[in-house]
Amino acid sequence: METPGSQSSLHRANLERVVRAVRLAGSLTQAEIARTTGLSAATVSNIVRELKDGGTVEVTPTSAGGRRARSVSLSGDAGIVIGVDFGHTHLRVAVGNLAHQVLAEEAEPLDVDASWVDGFNRAEALVEELIAETGIGREKVIGVGLGVPGPIDVESGTLGSTSILPGWAGINPRQELSQRLGVPVHVDNDANLGALGELVWGSGRGVKDLAYIKVASGVGAGLVIRGQIYRGPGGTAGEIGHITLDESGPVCRCGNRGCLETFAAARYVLPLLQSTHGPELTMERVVELARSGDPGCRRVVADVGRYVGSGVASLCNLLNPSRIVLGGSLAEAGELVLAPIRESVGRYAIPSAARQLSVVTGALGSRAEVLGALALVLSEMGDSTLLVDRGAGERGPAALSSVR
């Protein structure tokens with residue numbers, strides 16, 4: 001039995017500190033582990049050797065500052081994690097291992113709004129297909145990260161707004177998928193997962209305070225404060241799409257008038273162009289045409305950028321983030337949309353907040369949310385449980401730091 005303050009409990013705590021540092025960073029050199037944990041170089045060396053002998057970590061030669069070094073990451077055969085991302089019009093699933101690789105990934109069109117039963121049926125089938133594709137036993141599945149296009153009520157676990165996914169009213173996504181797959185499921189909204197994905201692998205790396213703005217069928221934001229996703233006590237933080245821009249504007253699906261979403265979301269923007277560009281027009285096609293020089297599409301993209309910039313300016317005045325990462329289909333427009341966003345921020349934000357802000361597009365594209373789902377389940381794994389009853393061979397997941 002370990003007693004507080006004993007050598008065995010101290011050793012256990014040091015093991016957990018090293019595992020936690022590697023898990024959160026993906027991979028670290030031994031010198032970086034020492035700086036991160038505050039442990040001595042000798043202690044880190046001994047712990048890494050113990051974890052390596054037990055199969056918990058992998059150690060590979062690398063270089064740091066021109067010198068030879070050893071990179072430490074958690075073992076790739078310790079288990080697999082699954083990410084599931086429901087968009088309004090798609091389903092994407094990814095399977096990752098603990099050696100920082102995405103082993104299998106698939107996306108397909110899906111009308112998520114139509115039927116939650118159909119959505120979960122397809123998600124369950126696609127998860128099973130991809131696990132089989134990896135050739136790894138199902139018993140190796142550690143957990144699932146699940147993204148849904150709406151706020152999750154913290155207390156009930158159900159979607160917090162029936163106006164966003166009316167067919168999902170009363171459904172507990174975490175419980176439903178967990179019962180189907182028989183493993184722990186961690187759920188969050190798509191904007192938060194996009195923020196987490198970009199924070200771990202993309203345009204948010206190394207940034208402690210940022211907002212990920214997703215403009216697609218709706219408009220939402222994932223907020224990162226001091227390196228952590230901020231959800232608010234009710235789980236609805238970041239609903240930037242429902243900032244009021246015009247009290248006399250169009251009626252929003254939330255019941256208010258003139259929300260940012262009514263000026264920027266695809267469902268409101270596309271009708272502006274369909275009379276001249278056809279009824280089958282999509283936001284992806286609008287962006288493509290805008291990049292090719294189509295004047296109507298360029299104007300619409302610029303207008304959307306200015307509206308989004310107004311919302312971002314309000315966000316800057318409240319939270320003062322250092323970076324805005326734009327995601328969703330609109331992000332593919334690049335400077336055609338970023339420049340108008342910056343223009344509005346410069347006009348409406350407090351000057352000191354505007355000066356400190358960088359506005360960039362996401363690096364992960366349409367994969368941000370599903371990679372964020374992988375990062376979510378990995379980040380929720382407790383370090384203590386990774387070491388239970390496994391002696392020197394404790395194993396556990398690390399947040400993926402790179403993908404193929």
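**Reading the sheet and its helices**

Tutor: Helix 4 (residues 116-134) lies across strand 4, strand 5 (90-97), strand 6 and strand 7, running at about 30° to strand 5. Helices (H or I, at least four residues) and strands (E, at least two) are DSSP runs, numbered from the N terminus; contact means heavy atoms within 4.5 Å. Axes are lines fitted to C-alpha atoms, for helices over the stretch in contact, and angles run from 0 to 180 degrees between N-to-C directions. The model is predicted: local features need pLDDT of at least 70, side-chain atom pairs count only at pLDDT 80 or more, and totals for chains, interfaces and linings use all residues. Residues are numbered from 1 along each chain as its sequence is written, and side-chain values use heavy atoms, without hydrogens and water.

Student: Which strands does helix 5 lie across?

Tutor: Helix 5 (residues 173-181) lies across strand 4, strand 7 and strand 8, at about 145° to strand 7.

Student: In what order do the five strands of the open sheet stand?

Tutor: Two strands pair if DSSP finds at least two bridges between them. Here the order is 6-5-4-7-8, with mixed pairing. Strand 6 (102-109) and strand 8 (185-189) each have a single partner strand, so one side of each lacks a neighbour in the sheet.

Student: How many bridges join strand 4 to strand 7?

Tutor: Six bridges join strand 4 (residues 80-86) to strand 7 (residues 141-148), and the two run parallel. Ile82 stands opposite Val144, and Gly83 opposite Gly145.

Student: Is strand 7 buried or exposed?

Tutor: Buried means under 20% relative accessible area, exposed over 50%, partly exposed in between (1.4 Å probe, protein chains only). Eight of the eight residues of strand 7 are buried, so strand 7 is largely enclosed by the rest of the structure.
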